[in-house]
Amino acid sequence: MTLDRVRGKLGQVRLQDLTEDHVMAWMRWALQGGRVRGGKAGTSLGVTSVDMSLARLEDAVNRAVTRGLVTVNVASEVHILLKARKAERKTKEVVQPWNASEVGAFVVPTKSDRLLAPLLLSLMGLRPAEVCGLRWSDIDLDAATLGIANTRTMMGNRTVVEKDTKSMAGERVLPLPSLHRVLLEEFS
């Protein structure tokens, strides 16, 4: 999917004919109006999305260099300017966490849902992939703690990918509130 963004615009260019100028032009296009799906078409892609696509393109061209299909990686020196990164940060909307009444408005209608325990774990600040990656061995109901050690996500709605936490700081042990503990006991 990440390379599809590049393929749509540069797919007609033969690998041996690809230049740094092509890659730079694609990057500028993506940052200015490269969205073709998800959101409003023709709006800019985020810096992170463009960065990921550039990284995948660089990896692919590196592979071509290794295989002797090209002699140089024309994508290796193409980087998003710090100015563009800072500009995006300034305009990015800051999402405020829910306050107590908003949490209550969410919890009350879901009280009878069998997935209430995992839903409440997400309100503790766990990433969705961290909640999905939990195992019963990560939960100590007696000590009322929860260990975050891995994540689980879906790739392309087909393949489950399990891996370590996003960062070393993501690997942590959290206190388990009493309501969560009770619900997890019932969930098991």
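Q: How many aromatic pairs does the count come to by the ring rule?
A: The count comes to one aromatic pair. Rings of Phe, Tyr and Trp (its six-membered ring) pair if their centres lie within 6.5 Å; planes under 30 degrees apart count as stacked, over 60 as edge-to-face and the rest as tilted. This is a predicted model, where local features need pLDDT of at least 70, side-chain atom pairs count only at pLDDT 80 or more, and totals for chains, interfaces and linings use all residues. Residues are numbered from 1 along each chain as its sequence is written, and side-chain values use heavy atoms, with hydrogens and water left out.

Q: Why is the pair of Trp98 and Phe106 called tilted?
A: The ring centres of Trp98 and Phe106 are 5.3 Å apart and the planes stand at 50°, so the pair is tilted.

Q: What makes Trp98 count as partly exposed?
A: Buried means under 20% relative accessible area, exposed over 50%, and partly exposed in between (1.4 Å probe, protein chains only). Trp98 has 44% relative accessibility, so Trp98 counts as partly exposed.

Q: Is Phe106 buried, exposed or partly exposed, and why?
A: Phe106 has a relative accessible area of 24%, so Phe106 is partly exposed.

Q: Why does Glu130 count as buried?
A: Glu130 has 1% relative accessibility, so Glu130 counts as buried. Glu130 lies in helix H7, residues 128-132. Helices (H or I, at least four residues) and strands (E, at least two) are DSSP runs, numbered from the N terminus.

Q: Which residues does Glu130 touch, not counting those up to four places away in sequence?
A: Contact means heavy atoms within 4.5 Å. Glu130 touches Ile148, Asn150, Thr151, Gly170 and Arg172, with residues up to four places away in sequence not counted.

Q: What makes Leu121 count as buried?
A: The relative accessibility of Leu121 is 3%, so Leu121 counts as buried. Leu121 belongs to helix H6, residues 116-122.

Q: Which residues does Leu121 touch, not counting those up to four places away in sequence?
A: Leaving out residues up to four places away in sequence, Leu121 touches Leu126, Val131, Leu134, Leu146, Leu176 and His180. Leu121 and Leu146 are 25 residues apart in sequence, and 9.8 Å apart in space, C-alpha to C-alpha.

Q: How many helices and strands does the protein chain have?
A: The protein chain has eight helices and five strands. Along the sequence, the pattern runs α-α-α-α-α-α-α-β-β-β-β-β-α.
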